[in-house]
Amino acid sequence: MVKHVHLHLSADDKAAVAQAIETAETKTSGEIFVVVSGRTADYRWIMLFYGALVAILVPLVLMAFGLNPLAIGSAFTHWQAGGWNIGLGATPADESATGMIFLLALQAVLFTLVSALDLRPGFAAKLTPAWLKRQQVHRAARDQFLGHGLNQTAGKTGVLIFVSLAEHQAEIIADTGIYTKVSRDVWRDVIGKLVTAARDQALARGLIAAIEDSATILAEHFPRQDEDVDELPNKVIII
C-alpha cells in the first residue's frame with residue numbers, strides 16, 4: 001500500500017509522534033513503529049540506462065532514415081577542393097571502418113552527455129518511472145520491518161508506518177497476525193489520511209492520525225492485556 005507524501009519532521013514533530021505512539025499502545029497489544037526515510041534509493045543509475053538507450057537508438061534511427069556508414073566514411077576520406085575531387089586512396093573497407101568509428105564515437109558522446117545529466121540534483125529521480133519508485137519504497141519498508149524486528153513481536157502484531165520523503169511516498173506493513181484479520185482496504189484508508197495531511201504540508205499531523213487510526217484498528221482485534229510489555233521503542237526513526 002504505497003501513496004505519495006511531502007515535507008519533513010522537526011524536533012517538535014518527532015516528540016509529538018513519539019507521544020502519539022506511546023498513547024496509542026495503551027489501547028492495544030499491537031506494536032506501532034514509524035520510520036521516516038530521507039531517500040529510499042539512489043536513482044543516478046537510471047541515467048546510465050537512458051544514456052545507453054539513447055546511444056543505441058539514435059544511430060539506428062539515423063540509419064533507418066538513410067544514413068549509410070559507408071557514405072560517412074567516404075565523406076571523411078574524400079573532399080572537394082578547387083573543383084577537384086581529392087581522395088586518400090581509401091578502399092571501401094577503409095571507408096566502412098571509418099564510418100563505423102564515427103558511429104561508435106557518436107554513441108560514446110551521446111552516452112556521456114545523457115549520463116552526465118545525473119549531476120543535476122534530483123534530475124535522475126524525476127526521470128525514474130513511478131512504478132520503480134514504488135518498488136524501491138516497498139523494498140525499503142520491508143527491510144525496515146524486518147530490520148527492526150516487527151516480525152518478532154509476541155503476537156505477530158507489529159505495524160510499520162513508513163514514509164520516504166524524496167520519493168514522496170508512504171507505506172504501511174502489518175504483520176501476519178494482523179493481516180489475516182484486517183483487510184487491505186482498511187489500511188488504505190489509514191494511509192490515505194496520512195497522504196492527505198502531508199499534501200497539506202502537515203506530515204506530523206498525518207503520522208499522528210495514522211498512529212491513532214492504527215491503534216483503533218488494533219484495539220478491536222488485539223486489545224491491551226495486563227501482561228503486555230512494550231517490545232519496540234516508542235519513537236520515530238529517521239534514516
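Lys-156 is partly exposed, with a relative accessible area of 36%, where partly exposed lies between buried, under 20% relative accessible area, and exposed, over 50% (1.4 Å probe, protein chains only). The model is predicted, so local features need pLDDT of at least 70 and side-chain atom pairs count only at pLDDT 80 or more, while totals for chains, interfaces and linings use all residues. Residues are numbered from 1 along each chain as its sequence is written, and side-chain values use heavy atoms, with hydrogens and water left out.

Lys-156 sits in the loop between α6 and β5; helices (H or I, at least four residues) and strands (E, at least two) are DSSP runs, numbered from the N terminus. Although Lys-156 is not a glycine, its phi is positive, at about 55°. Most residues other than glycine have a negative phi. His-168 is another residue other than glycine with a positive phi, near 55°. The loop that holds His-168 runs between β5 and β6, and this residue is partly exposed, with a relative accessible area of 32%.

The protein as a whole has 9 helices and 7 strands. Of its 239 residues, 40% count as buried.

The interior can be described through its nonpolar cores, each a set of buried Ala, Val, Leu, Ile, Met, Phe, Trp, Tyr and Cys residues joined through side-chain atoms within 4.5 Å. In soluble globular proteins, nonpolar side chains tend to be buried together. The largest core has 32 residues, of which Val-34, Ile-161, Trp-187, Leu-194, Leu-207 and Ile-211 touch the most other members. Two or more residues come from each of α1 (11–24), β2 (31–37), β5 (158–164), β6 (169–174), α8 (184–199) and α9 (203–221). The greatest share, 8 residues, is given by α9. Leaving aside residues up to four places away in sequence, Val-34 touches Val-17, Ile-21, Ile-161, Leu-207, Ile-211, Lys-235, Val-236 and Ile-237. A second, separate core of 12 residues includes Val-137, Leu-150, Leu-160 and Phe-162.

Helix α8 has 16 residues and reaches 22 Å from its first C-alpha to its last, close to the 22 Å expected at 1.5 Å a residue; the expected span is 1.5 Å times one less than the number of residues. Among the buried residues of α8 are Trp-187, Val-190, Leu-194 and Ala-198. Just after this helix, Gln-201 takes a positive phi of about 65°.

The axes of α8 and α9 come within 7 Å and cross at roughly 160°; such axes are lines fitted to C-alpha atoms, for helices over the stretch in contact, with angles from 0 to 180 degrees between N-to-C directions. The two helices are therefore roughly antiparallel, a term for angles over 145 degrees. Residues making the contact include Trp-187, Val-190 and Leu-194 of α8, and Leu-207, Ala-210 and Ile-217 of α9.

Finally, Gln-136 is found in helix α6 (residues 130–147). At 15% relative accessibility, Gln-136 counts as buried. Not counting residues up to four places away in sequence, Gln-136 touches Thr-40, Ala-41 and Tyr-43. Gln-136 and Asp-42 are 94 residues apart in sequence and 9.8 Å apart in space, C-alpha to C-alpha.

Definitions and conventions
Contact means heavy atoms within 4.5 Å. Angles under 35 degrees count as roughly parallel, over 145 as roughly antiparallel, 65 to 115 as roughly perpendicular and the rest as oblique.
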